[in-house]
Amino acid sequence: MAGRGAVVVGGTRGIGLAVAQLLAEQGAGVVLNGRDTDTAIHAAERIDRAVAHPGSPSNPDVADALIDRCIDEFGRIDILINCAGTPGLAGESILNVTSELFRDLIDAHLMTTFETCRAAAPKMVEQGGGSIINTSSFAYLGDYGGTGYPAGKGGVNGLTLAVAAELKEHGVRANVVCPGAKTRLSTGGEYASHIAELNRRGLLDDVSMEAALDAPPAEYAAPTYAYLAGDLAKDVTGQIFIAAGGFVGRFDRQTPAIIGYRDHNDSPPWTVEELGDLIR
């Protein structure tokens with residue numbers, strides 16, 4: 001990755017920091033983004049060819065400035081990695097979530113991803129290529145409960161697949177990683193209590209609960225991001241991967257299963273009773 005410029009949103013701690021360190025080791029110049037200025041500066045000081053650019057990229061002006069900073073520092077924007085996130089554990093049930101909390105979680109996950117993709121995509125198309133890697137979560141399946149967090153992560157998946165389809169002809173790739181790692185979002189008493197409660201309610205089985213409570217270090221997730229950023233993945237786009245410790249997986253693309261079919265040109269609509277017989 002020598003000579004390439006990378007932006008890592010959420011790159012000042014956790015998975016993002018591990019990814020930024022690995023990209024730098026591979027030769028890339030890295031712009032580290034995080035909301036806290038001191039944390040961003042401290043993280044950049046630990047990595048060769050890294051600079052800090054704090055702020056919240058859910059703000060379009062910050063997102064534009066972040067991409068421009070990478071071009072100013074390293075001449076190009078070849079890699080965009082979105083790792084920023086915030087937990088939505090307490091009070092996120094549909095029974096008690098507030099509109100404000102829901103919007104905050106959508107901003108932190110979906111809007112940050114959208115704004116940075118919006119800012120980076122034209123630059124990558126202009127230079128003839130690039131790689132976008134966004135971060136999602138198993139939580140988009142709903143297994144962990146909540147509202148804003150799974151909705152935001154589901155939105156990230158849909159957005160990334162659309163970006164991949166739209167930019168493929170321009171040589172720009174876009175993929176998703178659903179990581180499993182021990183970070184500040186997956187530690188502490190509140191997190192452990194939340195996981196235990198999901199298990200009690202039957203949303204998480206015992207194996208999934210144990211995995212959630214004994215997550216591997218962030219360094220185990222970083223290589224999947226680095227692979228997708230580099231030339232080894234030059235033909236890989238529009239896919240959703242899993243990186244959790246030694247486990248690497250991929251979600252199959254959703255396709256419809258036929259429940260019933262009638263040609264509308266010579267058949268009436270299904271009756272409610274007929275649908276009841278088909279769908280059980």
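Predicted model: local features only at pLDDT ≥ 70, side-chain atom pairs only at ≥ 80, totals over all residues.
Figure 1. Because five of the five residues of strand 2 (residues 29-33) are buried, the strand is largely enclosed by the rest of the structure. The term "buried" applies here to a relative accessible area under 20%.

**Figure 2. Strand 2 pairs with strand 1 in the parallel sense.** Five bridges connect strand 2 with strand 1, which spans residues 5-9. Within this pairing, Gly5 lies opposite Gly29 of strand 2. The path between the two strands includes helix 1 (residues 14-25), and strand 1, helix 1 and strand 2 together form a β-α-β unit. This unit is right-handed.

**Figure 3. Strand 2 is also joined to strand 3.** Strand 3 covers residues 50-52 and runs parallel to strand 2, with three bridges between them. Opposite Leu32 stands Ala52, a residue of strand 3. Helix 2 (residues 37-45) belongs to a β-α-β unit with strand 2 and strand 3. The handedness of this unit is right-handed.

**Figure 4. Glu115 is a buried residue of helix 4.** Helix 4 comprises residues 99-127, and Glu115 is found within it. The relative accessible area of Glu115 is 8%. This value is under 20%, so Glu115 counts as buried. When its neighbours within four places in sequence are left aside, Glu115 is in contact with Pro57, Ser58, Pro60 and Ala63.

**Figure 5. The largest cavity of the model has a volume of about 40 Å³.** The count of cavities of 30 Å³ or more comes to one. The lining of the largest cavity consists of Asn82, Cys83, Ala84, Ala108, His109, Thr112, Thr113, Thr135 and Lys153. Helix 4 gives the most to this lining, contributing four residues. By class, the lining has three nonpolar residues, five polar residues and one charged residue.

Terms used:
Residues numbered from 1 in each chain as written. Heavy atoms only, no water. Buried < 20%, exposed > 50% of the residue type's maximum accessible area, 1.4 Å probe, protein only. Contact = heavy atoms within 4.5 Å. Pairing = 2+ DSSP bridges. Right-handed = clockwise from strand over helix to strand, strands pointing away. 1 Å grid on protein atoms, 1.4 Å probe; cavity = no way out; pocket = protein on both sides within 12 Å on 5 of 7 lines; lining within 4 Å. Points joined across faces, edges and corners; volume = space filled by probe spheres on them. Nonpolar A, V, L, I, M, F, W, Y, C, P; charged D, E, K, R; others polar.
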